[in-house]
Amino acid sequence: MLYPHTGKIPERPQIRDGDYSGVGIDHLVRIERKSKEDFLSCVPHARGCSIKDYDWPRNQNEGCDRRCRLVGELHRLRSYPFACLLIEATLPEIVSGCYASGVHPRSAIGSTIAWEIDIGVRVVWAGDRPHAQAWARRWLERVHALHHRTERGPGPWLEERRNGTNLSS
């Protein structure tokens, strides 16, 4: 969580979904952050994982792997108008396959495409931790600015995101 306009990270209160949110906009935005290694560990699919395991951690199944936990988290994140999976790697790094995990680049890329299209949570390739932090800070500031633009509340932009409609056309 970041304080608006100061960029300072307060002591992290426990948030149920995601890794980051914003003060005063926590009902609108969530960011799930993954390092390159953590992301790659979430790509392989273990046997015994089923759709019911997506409710992890409330439904902890020994067969449920890191992928199941991440997919469950992404399913919960989609209830927020602004949610994303922020990966501390570049797409070219993943495509090159130059990493120790042995995950095939097509599996890694295919997983992110499926998560974005099938679940509906944006995937952002940030490069590294400093760039991920900068991106997250700016994104949270933008959501905060949109939310507090008028004293009457968030306005039609929030309904547009919730309903999936495009009010500008």
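A salt bridge is a side-chain nitrogen of Lys or Arg within 4 Å of a carboxyl oxygen of Asp or Glu. By that rule the structure holds 8 salt bridges. This is a predicted model, in which local features need pLDDT of at least 70 and side-chain atom pairs count only at pLDDT 80 or more, while totals for chains, interfaces and linings use all residues. Residues are numbered from 1 along each chain as its sequence is written, and side-chain values use heavy atoms, with hydrogens and water left out.

**View 1**
Helices (H or I, at least four residues) and strands (E, at least two) are DSSP runs, numbered from the N terminus. Along the sequence they follow the pattern β-α-α-β-α-α-β-α-α. Of the 169 residues, 43% count as buried, where buried means under 20% relative accessible area, exposed over 50%, and partly exposed in between (1.4 Å probe, protein chains only). The chain exposes about 9,700 Å², and carbon and sulfur atoms supply 51% of this area. Accessible areas come from the Shrake-Rupley method with a 1.4 Å probe; for residues, only the protein chains shown count as cover. A contact means heavy atoms within 4.5 Å. Among contacts between residues at least 6 apart in sequence, 61% join residues at least 24 apart.

**View 2. The 3 strands form an open sheet with parallel pairing.**
The strand order is S1-S2-S3. Strand S1 (29-35) and strand S3 (122-125) stand at the edges with a single partner strand each, so one side of each has no neighbour in the sheet. From one strand to the next, the twist averages 25°. Two strands pair if DSSP finds at least two bridges between them; strand S2 (residues 82-88) is joined to S3 by 4 bridges. In this pairing, Leu-86 stands opposite Val-124 in S3.

**View 3. Helices H2 and H5 lie against the strands.**
Helix H2 (residues 66-77) lies across S1 and S2, running at about 160° to S1. Helix H5 (residues 129-147) packs on the sheet and touches S1, S2 and S3; its direction makes about 170° with that of S2. For these angles, axes are lines fitted to C-alpha atoms, for helices over the stretch in contact, and angles run from 0 to 180 degrees between N-to-C directions.

**View 4. Arg-76 forms salt bridges with Asp-17 and with Glu-73.**
The closest N and O atoms of Arg-76 and Asp-17 are 3.3 Å apart. This pair links distant parts of the chain, with Arg-76 in helix H2 and Asp-17 in the segment before S1, 59 residues apart. Arg-76 is buried at a relative accessible area of 13%, and Asp-17 is buried at 5%. The salt bridge between Arg-76 and Glu-73 has an N to O distance of 2.8 Å. Both residues lie in helix H2, 3 residues apart, about one turn of the helix. Glu-73 is buried, as is Arg-76.

**View 5. A salt bridge joins Glu-88 and Arg-129.**
The N to O distance is 2.9 Å. Glu-88 lies in strand S2 and Arg-129 in helix H5, so the pair ties together parts that are 41 residues apart in sequence. Glu-88 counts as buried at 9% relative accessibility, whereas Arg-129 is partly exposed at 39%.

**View 6. Salt bridges also form a network.**
The linked residues are Glu-32, Lys-34, Asp-38 and Arg-66.
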